Amino acid sequence: ILPKDAVNAYSLADAADLGLTFGSTIGLEMAMLGKPVLLASRALYDCGSQIFVIRSRESLIEALQNCLRASTDREIQREAFRIAYYYFFASELPFPAVAMHGIFDTRVNYRSREDLKPGKDPSMDRICDFLMDGRPYFDEPNEQERSRSRADEDAFFEILARQPNALRNTRYERWQRWRSFGRSSTQLVRKLPFGESVLELGRGRWHSFLGKMEK
């Protein structure tokens, strides 16, 4: 499903009983809805005990049958939220050696190899230790953290059950719709006589409007 398609992947995920994915994060997002997920590839969430993972072609039929018999479950949801938390807040280390300017444009912030030596950058040290020596990439939960009650999690899931849209950012969604409208309108205006001139005149105001919507 591409961004411009009329079908929304999240609407399908919400309506589906189970998910079959080849590594896309939509599998983790469906598990966060508490739905059974069959994973047929390597992915950041293939460590989940609640995820049906296919390791060989021979295991496909049995995995499909098990997945079809499964149902929406709080423990699927609980584990998926924990995996998502570690993925976004623990495994994504700050990396000041490189700065991102857009999706594909990167700039280095170091001047020489001396800036990359051990002890200069904690994130670089941890990544190198993981790759070269097999040391832990991030700290595992300690005994105190493991002993925490599930009461807070359950209260959070009860809120989600009562208010399915509690985590939605409606302002951001509205901004995305306006952006989509702007792209479609731009394509139409370009086909008109003097279309580029019209776009040039209105581009500043349109960007200013989107900027206000984004805040």
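In which strand is the place of threonine 21? Threonine 21 belongs to strand β1, residues 19-21; strands (E, at least two residues) and helices (H or I, at least four) are DSSP runs, numbered from the N terminus.

Before I continue, please note that this is a predicted model, in which local features need pLDDT of at least 70, side-chain atom pairs count only at pLDDT 80 or more, and totals for chains, interfaces and linings use all residues. Residues are numbered from 1 along each chain as its sequence is written, and side-chain values use heavy atoms, with hydrogens and water left out.

Threonine 21 has a relative accessible area of 5% and is therefore buried; buried means under 20%, exposed over 50%, and partly exposed in between, with a 1.4 Å probe and protein chains only. A polar atom of its side chain lies 3.1 Å from the backbone nitrogen of serine 24.

I turn now to the core. A nonpolar core is a set of buried Ala, Val, Leu, Ile, Met, Phe, Trp, Tyr and Cys residues joined through side-chain atoms within 4.5 Å. The largest one has 13 residues, and Leu28, Leu39 and Tyr45 are among those with the most contacts inside it. Helix α2 (26-31), strand β2 (37-39) and helix α4 (74-89) each supply at least two residues of this core, and α4 gives the most, with four.

Finally, the cysteines. The count of disulfides, by the rule of two cysteine sulfur atoms within 2.5 Å, is zero. The sulfur of cysteine 47 is 17 Å from the closest cysteine sulfur, that of cysteine 67, and so is too far for a bond. Cysteine 47 is exposed, at 60% relative accessibility, whereas cysteine 67 is buried, at 1%.

Notes:
A polar contact is a pair of N or O atoms within 3.5 Å; within protein, one must be able to donate a hydrogen and the other to accept it, and residues adjacent in sequence count only if both atoms are side-chain atoms.
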